[in-house]
Amino acid sequence: MCQHQTPCPSSEAVDREAARILATFPEQGWSLLCNGVIVFEDTGEILPDGTMIEPHRGPARHALAA
Ligand SMILES: [Zn+2]
């Protein structure tokens, strides 16, 4: 799926979120990466095979400071 010259991490890779964003839908809170992974604002993910990944990061530091 990824067509970058230096291929991005695959959807199976642990660093899958390092792939580039193909499309982002801020009003819906998600982005599509070039490896087919959908990443939500809360860091939850859906893999191309339909696997759901729970959010795995806490709030941003600036959010905690507020
Ligand atoms: Zn790519």
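First, the ground rules. The model is predicted, so local features need pLDDT of at least 70 and side-chain atom pairs count only at pLDDT 80 or more, while totals for chains, interfaces and linings use all residues. Residues are numbered from 1 along each chain as its sequence is written, and side-chain values use heavy atoms, with hydrogens and water left out.

Now the overall layout. The chain holds one helix and five strands, and their order along the sequence is β-β-β-β-β-α. Helices (H or I, at least four residues) and strands (E, at least two) are DSSP runs, numbered from the N terminus. Of the 66 residues, 27% count as buried. For burial, the terms are buried under 20% relative accessible area, exposed over 50%, and partly exposed in between, with a 1.4 Å probe and protein chains only. The accessible surface of the chain is about 4900 Å², and carbon and sulfur atoms contribute 56% of that. These areas come from the Shrake-Rupley method with a 1.4 Å probe; for residues, only the protein chains shown count as cover. Among contacts with a separation of 6 or more, 21% are between residues 24 or more positions apart, where contact means heavy atoms within 4.5 Å.

Next, the metal. Which protein atoms are the donors of the zinc ion? They are Cys-2 (SG), His-4 (ND1), Cys-8 (SG) and Cys-34 (SG), at 1.9 to 2.4 Å from the ion. Donors here are N, O and S atoms within 2.8 Å of the metal (3.2 Å for Na, K and Ca); water is not among the atoms, so sites may look incomplete. The angles among the four donor atoms run from 98 to 116°, and the site is tetrahedral. That label requires, for four donors, that all angles lie between 85 and 135 degrees. Along the chain the donor spacing reads C-x1-H-x3-C-x25-C. His-4 sits in the segment before β1 (21–25) and Cys-34 in the loop between β2 (30–33) and β3 (38–40), so this pair ties together parts that are 30 residues apart in sequence.

Cys-34 is buried at 2% relative accessibility, and Cys-8 is buried at 14%. Cys-2 is partly exposed at 24%, and His-4 is partly exposed at 24%. As for disulfides, a search of the whole structure finds zero, taking a disulfide as a pair of cysteine sulfur atoms within 2.5 Å.

On to the strands. Strands β1 and β2 run antiparallel and are joined by four bridges; pairing requires that DSSP finds at least two bridges between two strands. Ala-23 has Leu-32 in β2 as its bridge partner. The hairpin of β1 and β2 has four residues between the strands, and Gly-29 there takes a positive phi near 80°. Strands β2 and β3 are also antiparallel, over three bridges, with Ser-31 opposite Val-39 in β3. That hairpin has four residues between the strands too, and Gly-36 takes a positive phi near 95°.

Last, one backbone angle. Most residues other than glycine have a negative phi. Thr-43 is not a glycine, yet its phi is positive at about 75°. Thr-43 lies in the loop between β3 and β4 (45–46) and is buried, with a relative accessible area of 10%.

Key: Tetrahedral: all angles 85-135°; square planar, octahedral: opposite > 155°, others 65-115°.
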